[in-house]
Amino acid sequence: VPLQAYGGGLVQAGGSLRLSCAASGRTVNRYNMGWFRQAPGKERDFVATISWSGDNSNYAGSVKGRFTISRDNAKNTVYLQMNSLKPEDTAVYYCAARGLLSGNAKSYDFWGQGTQVTVSS
């Protein structure tokens, strides 16, 4: 499933960004979806996941209370609202489809190309 992530950019600490991930060519309405991030020199980390229905979600401790994952199945799109951004949130953010709600990156079958988020102090 082709996934297109966009919405990244440069923002000051304390600011907000909203990432979007649009699927094309095939519906992802029956799949759990996730956001992951990878900072330079580090492994790809779990950020947030959402169930296919949108009824359940899971967050990494470092973003809980600041980030919100949501989805619009009619638009085949998943979102990540990021508030109170910190410099340590700087990374390339990837969306993924069809994996475990627990956020195990290896369980996800489809990946987008990533969008850069840079938070300045």
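**Core and charged contacts**

1. Arg66 sits in the loop that joins strand E6 (57-59) to E7. The model is a predicted one. With a relative accessibility of 10%, Arg66 falls under the 20% cut-off and so counts as buried.

2. The side chain of Arg66 has two polar partners to examine. A polar atom of this side chain lies 2.8 Å from the backbone oxygen of Ser62. The side chain of Asp89 is in polar contact with that of Arg66, also at 2.8 Å.

3. The Arg66 and Asp89 pair also qualifies as a salt bridge, with 2.8 Å between the closest N and O atoms. Because Arg66 belongs to the loop between E6 and E7 and Asp89 to the loop between E8 and E9, the pair ties together parts 23 residues apart in sequence. Both Arg66 and Asp89 are buried.

4. Asp89 forms a salt bridge with Arg37 as well, the closest N and O atoms being 2.9 Å apart. Here the loop between E8 and E9, which holds Asp89, is linked to strand E4, which holds Arg37, across 52 residues. Arg37 and Asp89 are both buried.

5. The whole structure contains 3 salt bridges. One of them joins Asp109 to Arg98, with the closest N and O atoms 2.7 Å apart. Asp109 and Arg98 are both located in the loop between E9 and strand E10 (110-111), 11 residues apart. Asp109 is partly exposed, at a relative accessible area of 43%, and Arg98 is likewise partly exposed, at 33%. Through shared partners, salt bridges connect Arg37, Arg66 and Asp89 in one network.

6. The largest nonpolar core has 35 residues, among which Leu3, Trp35, Leu80, Met82 and Tyr93 touch the most other members. Strands that supply at least two residues each include E1 (3-6), E4 (33-38) and E8 (77-82). The greatest contribution comes from E9, with 5 residues. Beyond four places in sequence, Met82 contacts Gly15, Ser16, Leu17, Leu19, Arg66, Phe67, Tyr93 and Val117.

7. Asn76 occupies the loop between E7 and E8. Its relative accessible area of 14% makes Asn76 buried. The Asn76 side chain reaches the backbone nitrogen of Val28 at 2.9 Å. Apart from residues up to four places away in sequence, Asn76 touches Cys21, Ala22, Ala23, Arg26, Thr27, Val28 and Asn29.

How values were computed: Residues numbered from 1 in each chain as written. Predicted model: local features only at pLDDT ≥ 70, side-chain atom pairs only at ≥ 80, totals over all residues. Heavy atoms only, no water. Core = buried A, V, L, I, M, F, W, Y, C linked by side-chain atoms within 4.5 Å. Buried < 20%, exposed > 50% of the residue type's maximum accessible area, 1.4 Å probe, protein only. Helix = DSSP H or I, 4+ residues; strand = E, 2+ residues; numbered from the N terminus. Contact = heavy atoms within 4.5 Å. Polar contact = N/O pair within 3.5 Å; in protein donor to acceptor, adjacent residues only side chain to side chain. Salt bridge = Lys/Arg side-chain N within 4 Å of Asp/Glu carboxyl O.
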